[in-house]
Amino acid sequence: MQRRQFFKTGGVALMGAALLPQILESCGAGSKEGLAAMLDHFGVSQSDLKKVLAVALEKGAGYADLFFEHSFDNYLSLRDGAVNRAYANVDYGVGVRVVMGDQTGYAYVENISLNEMINAARTASRIASGSAPGAPANLTERTFDNNYPVIAPWEDVSVKAKMPYVQKLNDRIFALDSRVSKVSASLNDATSFVLICNSEGVLCADYRPMAILSASCVMEQNGKIENAYDSYAQRKGFEFLTDDIVENIAQGAVKKTAIMFEAVKPKGGELPVVMAAGGSGILLHEAIGHAFEADFNRKNVSIFSDKLGKVVCNENINVVDDGTIDHDRGSLNVDDEGVEGQKTYIVTKGVLTSYLHDRISARHYGVAPTGNGRRQSFRFAPIPRMRITYMENGNMEEQDIIAAVKNGIYAENFTNGQVQIGAGDFTFFVKSGYLIENGKLTQPIKDVNIIGNGPKALADITMVGNNCKIDTGAWTCGKNGQGAPVAQGLPSVLVKKLTVGGES
């Protein structure tokens, strides 16, 4: 039996939210059937879209686009052994962007009626004046591969059905180690219905699922308290929740916490650093990846602004930003400007070969956009953002990389980092790792700051492992006041010298 759900938002009845995931799953993201369902979902026609775009161009702007979004966000958490908090949020609206040269006008409305959209388009169009009105091209439906098909949509899942998995995670963490004194666990699931069209004639849709299961663990031993956190995130529906996922998070949280009792702070100084595979990819994201985003380079803010086509690191290094990895948190079938998700080589054999482009920067450089135009929601204009940033495999075994270091550190778990885009200087907080002494991992270490310069650190990578791992944690990138889900990865690499903050 087909079941219809109705959502009353902004005075418009939206039909078929429960059916649309299956339509997009069976027909592919952006299919004609999916697009028709999405237009019905938002209560708009192609004729309406063209009218709004025409108003956006009426003062002579060169480009305009519309970004429709209907998002559902659900959260539940466990503390003190029981699920005791839950909330849900629904967001709905459309953003209108108008571009004239280097200027952008932006307006959004939460009531998707034709009059409200036209008013928003007229507001955004005020950046352009004095030129003849433009006319939008005929809309052409675009189709894309679906990198995150959904089996069981979150819209069809009750809170009651989700609760056992969070409870099971809590119980498993307590069972793994008698030193566990407290556990906090949470599940966040989200669904976004997205419709995009622009004055160049692109019309496409996407159905975007997201799920995050996480836990923090507190342990006590001989009067000493330590804590750590683990999470797992994917673009999946209810099928995301499995016993294996619960077990992996429980094991990760307990292991990360337990090792802290043995850990010390190393002596500070300039040391060689081996970055472990996986989460150490934050080095790429923060120290290097942001500097490859084209808006920083177009404005000559990035230290890589004059490095395109030049050697920036070891010839064995390839750095990728990818939106096509199945079910990954950072994947996108289509970016927030209607550009197909794709795999972009930023560094190829040590040479900087591409920046990460949105439509504005791509037009500036005379290249095709790379699918990196992203926004937090319909309330924001898109900007160049990373998706899944990682370094491809080299040819070294990790144990051989470690064996090459006489005195250094092995950085394994990171919690955060920040970078100055212009100078490229960065700092990272290493939650845990190990000392390297005479080519072997010895004493666990904790709470270490690593300081360096992005371009120099990239150039100082002398060994690259063959064990690339994409981290599956719930990473969120902040830029210009906007958050976006991302992922990163790294094989084990040796950076020959970084400043390690520790005991004197």
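Helix α5, which runs over residues 159-176, has 18 residues and reaches 27 Å from its first C-alpha to its last, close to the 26 Å expected at 1.5 Å a residue. Please keep in mind, as I go on, that what we are looking at is a predicted model.

Let me stay with this helix for a moment and turn to its side chains. In α5, the residues Lys162, Tyr165, Val166, Leu169, Asn170 and Ile173 are buried, and because they cover an arc of only 135 degrees around the axis, they lie on the same side of α5. An α-helix has 3.6 residues a turn, so residues three or four places apart point the same way. On the other side of α5 we find Lys160 and Ala175, which are exposed. And what do the buried residues of α5 pack against? Their partners are the strands β3 (63-79), β4 (82-100), β7 (180-198) and β8 (202-221), together with helix α6 (243-258).

Helix α3, residues 46-56, can be described in a similar manner. Here Asp48, Leu49, Val52, Leu53, Val55 and Ala56 are buried, and since their arc around the axis is only 160 degrees, they are placed on the same side of α3.

His327 has its place in the loop between β11 (319-322) and β12 (343-348). Is His327 buried or exposed? Its relative accessibility is 17%, and because buried means under 20%, His327 counts as buried. If we leave aside its neighbours within four places in sequence, His327 is in contact with Asn147, Tyr148 and Pro149, and also with Gln234, Arg235 and Lys236.

Technical notes:
Residues numbered from 1 in each chain as written. Predicted model: local features only at pLDDT ≥ 70, side-chain atom pairs only at ≥ 80, totals over all residues. Heavy atoms only, no water. Helix = DSSP H or I, 4+ residues; strand = E, 2+ residues; numbered from the N terminus. Expected span 1.5 Å × (residues − 1). Buried < 20%, exposed > 50% of the residue type's maximum accessible area, 1.4 Å probe, protein only. Arc of directions from axis to C-beta. Contact = heavy atoms within 4.5 Å.
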